[in-house]
Amino acid sequence: MADSVTRRQFVAAAGAGGLGLAYGSNSKLAVLGGEPVRKAPFPGWPVVGSPEENGLMEVLRSGKWFRGYGDVVNRFEQKYAQLTGAKHCLATASGTAALFTSLNALDVGPGDEVIVPPYTFIATINVVLLQHAIPIFVDTDIETFQMDVTKVEPAITERTAAIIPVHLGGAAVNMDTLMAIAQKHKIPVIEDACQAHLGEWRGKKVGTLGATGCFSFQASKNLNSGEGGAVLTNNDELAEKAYAFHNNGRGKGVGGYTFSYRAQGSNERMTEFQAALLLAQMTRLEEQAKLREQNAAYLTQMLNEIPGIQVAKTYSGCTRNAYHLFMFRYRKEAFADAPLQSFLKALRAEGIPCSAGYSPLNKEPFIKNVLNSKGYRRIYPEKLLNEWEERNQCPMNDRLCQEAVWLTQTMLLGTRQDMEQIAAAVRKIQANAADLRSV
Ligand SMILES: *Cc1c(COP(=O)(O)O)cnc(C)c1O
């Protein structure tokens, strides 16, 4: 008896430290009081060192904290344009500000429709509503988690003024198909690349293929300055319009006490402090992206072997996934029909942080309230507003929202053994799926 206990303990310990193949029906789920697969935390974020300290102190001591006084924002813009291959880069206060600036530069406003995905961060939709335009949702490709671009053309009307694809999680939307449709109908594309720093479509950086491309440097993103954003464009006129909009309608070189206005605008500027952080963080960007790619490839291979788990696929044109998120689908049919929430709870208990991701934004009640508001009623015909809900059904996305599991990018900055433990935890839950019903 003593021998068999010892052997079991040995096998469990080997499993926790190594490939984790040992988790069979004998090892009790941690959520039900068993030993967790893992107790150690995953790598923290942000990664910080002397480049950040030096850069920030330099700006602090210079007393030049505003982009109009210093040169750090300008330097960041040059570097980010160089890195992405874009002709112009405009730094902004946030990713939301980058999207907002793009819509204004493209003159999208009241009376317009803008095509968006329902599976995204709410900012993609908010900026459309702030312009008093109408978001038109197209369904999601459940295999890739991306906007299903084959459904874009039927959603186009005479009101369509822009399309905002989101390169979700860092992988690219099918840009070949999307750009062909956009060009055919002469509709500008605003790429929401807020999660896709260094992501690529056929060897070109995402964010450089549409009329504009928008990035976020908010604290959770793969390039981080707490808050921050950027607009990329290859179009000189759009670059000038975007600059003016983000600078209260004042063109380039207009600062200080010169008051001359090109158009209405806002203040969406980045500070010198943010730019200093970005220049420092950029020294590690490529190296971190490579590590995420290697770990993600290894994890994908292990997870796809587990029944009921399907890692998000990428289109063949996506030559680089930026892995802001590691996303997979949980098919409860293969887990004794246990609901997603039970799986997530069990996975967390095994020491693997995870979430269910986005809820379906096309069903957000607040959007209906906005469409019913006084302003919208004045701008749009009643029929159009009344038919909005019917026009915006996204059944595949509804299903995806009940199956999606997300791991964050910081987990991909760990070791191969970390990846093995993630897979071991999922494998353990799969082997004990029947017990999930009592979770
Ligand atoms: C983060 C994010 C934004 C908004 O960026 P902020 O910098 O937080 O304003 C927009 N779209 C997507 C897809 C994002 O992930």
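A residue is called buried here when its relative accessible area is under 20%, exposed when that value is over 50%, and partly exposed in between, with a 1.4 Å probe and the protein chains only. The structure is a predicted model, in which local features need pLDDT of at least 70 and side-chain atom pairs count only at pLDDT 80 or more, while totals for chains, interfaces and linings use all residues. Residues are numbered from 1 along each chain as its sequence is written, and side-chain values use heavy atoms, with hydrogens and water left out.

**First stop: F42 and the loop around it**

Select F42, which sits in the loop between α1 (2–17) and α2 (50–62); helices (H or I, at least four residues) and strands (E, at least two) are DSSP runs, numbered from the N terminus. F42 counts as buried because its relative accessibility is 12%. Contact means heavy atoms within 4.5 Å, and, not counting residues up to four places away in sequence, F42 touches G351, I352, P353, M411, D418 and I422. With I352 also selected, you can check that the two C-alpha atoms are separated by 8.5 Å, although F42 and I352 are 310 residues apart along the chain.

Which residues of α9 are buried? They are L340, S342, F343, L344, A346 and L347, and what covers them includes β12 (309–311), β13, α14 (395–401), β14 and α15 (416–431). S342 belongs to this helix, which spans residues 340–349, and S342 is buried because its relative accessible area is 9%. Leaving aside neighbours within four places in sequence, S342 is in contact with L436 and V439.

Now select β14, residues 404–408, a strand that is mostly covered, with 4 of its 5 residues buried. Two strands pair if DSSP finds at least two bridges between them; β13 (residues 325–330) and β14 run antiparallel and are joined by 5 bridges. To see one place where they face each other, select R329, which stands opposite A404 in β14.

Select N304, in the loop between α8 (272–303) and β12. N304 is partly exposed because its relative accessible area is 41%. Leaving aside neighbours within four places in sequence, N304 is in contact with I309, Q310 and V311, and its side chain reaches the backbone nitrogen of V311 at 2.9 Å. That is a polar contact, a pair of N or O atoms within 3.5 Å, of which, within protein, one must be able to donate a hydrogen and the other to accept it, and for which residues adjacent in sequence count only if both atoms are side-chain atoms.

Continue to Y323, found in the loop between β12 and β13, which has a positive phi of about 45 degrees although it is not a glycine. Y323 counts as buried because its relative accessibility is 15%.

Select β11, residues 229–233, where 5 of the 5 residues are buried. G229, V231 and T233 point one way from the strand, whereas A230 and L232 point the other way. Strand β1 (residues 88–92) runs antiparallel to β11 and is joined to it by 5 bridges, with G229 as the bridge partner of T92. Strand β10 (residues 212–216) also pairs with β11 in the antiparallel sense, over 4 bridges, and F215 stands opposite A230.

**Last stop: the ligand**

Of the 15 residues around the ligand, G95, T96, D192, S216 and K221 come nearest. A backbone N or O atom of G95 lies 2.8 Å from an oxygen atom of the ligand, a polar side-chain atom of D192 lies 2.8 Å from a nitrogen atom of the ligand, and a polar side-chain atom of S216 lies 2.6 Å from an oxygen atom of the ligand. The protein covers 93% of the 390 Å² of accessible area that the ligand has on its own, an area from the Shrake-Rupley method with a 1.4 Å probe. The elements that give two or more residues to the shell around the ligand are α4 (95–105) and α5 (123–130).

Note on methods:
Near = heavy atom within 4 Å.
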